[in-house]
Structure formats: structure tokens, C-alpha cells
Amino acid sequence: MKTTAKDLRFFSREILETVSRGEEVIITYRGKPCARLVPYQVAKDDEYKEKLFGMWQDNESVADVDGYIRRLRQGRFA
């Protein structure tokens with residue numbers, strides 16, 4: 001479905017109902033597509049929780065991600 005930015009302003013409830021039914025809505029501004037509304041999908045947090053990737057994945061000093069971040073955010077003289 002396509003709609004204009006003005007329609008989004010005045011008919012937001014109807015547009016959000018369309019998205020909640022699973023439809024994708026393209027929002028146009030001055031005749032050109034500028035945004036896309038898609039249904040929200042809950043991210044699978046369990047897969048990425050407490051996992052590092054890239055150059056950090058083999059670093060032993062950050063094995064406990066939460067603890068490492070807490071130490072970084074601590075004040076300098078705390």
C-alpha cells in the first residue's frame with residue numbers, strides 16, 4: 001500500500017491498522033517514497049545476549065560482557 005505523508009498525519013490509526021494486519025505501507029513525500037512501515041517483529045535476544053563478535057570474541061578480558069561494560073562505565077575514582 002502507498003500513502004502520502006499528509007494521509008499519515010490525518011489517518012494514522014487506519015494506516016497503523018493496515019500495518020498490524022501484516023501489510024507493508026510505503027509513505028511518499030512529494031510523490032517520492034521516503035519511508036516504509038512494516039509490522040514490528042520481536043528480536044530474538046537470546047541468540048545475541050552476552051556474545052561478542054568480530055575482533056572481541058577471542059579476548060579473554062571481556063569474557064563477562066556485562067561486567068566489562070560496568071567496569072567501563074564506572075567513574076575514574078570510584
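Colleague: Is Arg 21 buried or exposed?
Modeller: This is a predicted model, where local features need pLDDT of at least 70, side-chain atom pairs count only at pLDDT 80 or more, and totals for chains, interfaces and linings use all residues. Residues are numbered from 1 along each chain as its sequence is written, and side-chain values use heavy atoms, leaving out hydrogens and water. Buried means under 20% relative accessible area, exposed over 50%, and partly exposed in between (1.4 Å probe, protein chains only). At 59% relative accessibility, Arg 21 is exposed.

Colleague: Which residue does Arg 21 meet in a salt bridge?
Modeller: A salt bridge here is a side-chain nitrogen of Lys or Arg within 4 Å of a carboxyl oxygen of Asp or Glu. For Arg 21 the N to O value is 4.0 Å, and the partner is Glu 23.

Colleague: Where does Arg 36 lie, given its salt bridge with Glu 24?
Modeller: Those two side chains meet at 3.5 Å, N to O. Helices (H or I, at least four residues) and strands (E, at least two) are DSSP runs, numbered from the N terminus. Glu 24 sits in the loop between α2 and β2 (25-29), so the pair ties together parts 12 residues apart in sequence, with Arg 36 in strand β3 (residues 32-37).

Colleague: How many residues apart are Glu 17 and Arg 13 in helix α2?
Modeller: They form a salt bridge, with the closest N and O atoms 3.4 Å apart. Glu 17 is partly exposed at 36%, while Arg 13 is exposed at 57%. In helix α2 (residues 12-20) they're separated by about one helical turn, because they are 4 residues apart.
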